[in-house]
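Let me put the model up and then we'll talk about aromatic rings.

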Amino acid sequence: MKQRSAGGPDDQLALSAAEIALMWILHHATLPLTPQRSLVRDIVEFFPVALKALSRTESLRGARQSELRLIYFKGLIVAQTHAKQEMIDAIRRADRELDEAMTISAAPPDAAVRRFDAHSHPADQDTLAQIADALGRPPGSVQ
């Protein structure tokens, strides 16, 4: 899916969350409907696909992975494929699994890349802060 040029960084953030939502809806529709299927596992396994899509967005290049993860989570909630509380609970567990994977992996630290929040719209920052708060992160972690 090719990203159209948007008016500014806040528009690109909204488009990014919408793109993730659409990708998730299409992905989710292709998954087998089995009771053993874990929403948490699906969220964790789909994250690299979403990360690749987000990294194509000009205003998000160089953003920390933790910030991109919040945009990803926003897209999952926007997709409305599951009850809101079910999705939030699954996102919390997936966030912990992704944190553990980052701790174990040899990925470069988030501090090595620039932050995008200086250019983003206050409403987007509020949304990301609310998601971070729901996940139990310190308020300053997305500021």
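So, start with F47: its relative accessible area is 5%, so it's buried, and by buried I mean under 20% relative accessible area, with exposed over 50% and partly exposed in between, using a 1.4 Å probe and protein chains only. Quick caveats: this is a predicted model, where local features need pLDDT of at least 70, side-chain atom pairs count only at pLDDT 80 or more, and totals for chains, interfaces and linings use all residues. Residues are numbered from 1 along each chain as its sequence is written, and side-chain values use heavy atoms, with hydrogens and water left out.

Who does F47 pair with? With Y72, as a tilted aromatic pair, 5.3 Å centre to centre and 55° between the planes. For pairing, ring centres of Phe, Tyr or Trp (its six-membered ring) must lie within 6.5 Å; planes under 30 degrees apart are stacked, over 60 edge-to-face, the rest tilted. F47 sits in helix α2 and Y72 in helix α3 (residues 65-79), 25 residues apart; helices here are DSSP runs of H or I, at least four residues, and strands are E runs of at least two, numbered from the N terminus. Y72 is buried too, at 0% relative accessibility.

The structure has four aromatic pairs. In another, W24 and F46 have ring centres 5.6 Å apart and planes at 65°, so that one's edge-to-face. W24 is in helix α1 (residues 9-30) and F46 in helix α2 (residues 39-55), so the pair ties together parts 22 residues apart in sequence. W24 is buried at 0%, and F46 is buried at 6%.

Put together, W24, F46, F47, Y72 and F73 form one aromatic cluster. Zooming out, the chain has five helices and zero strands, and 41% of its 143 residues are buried.
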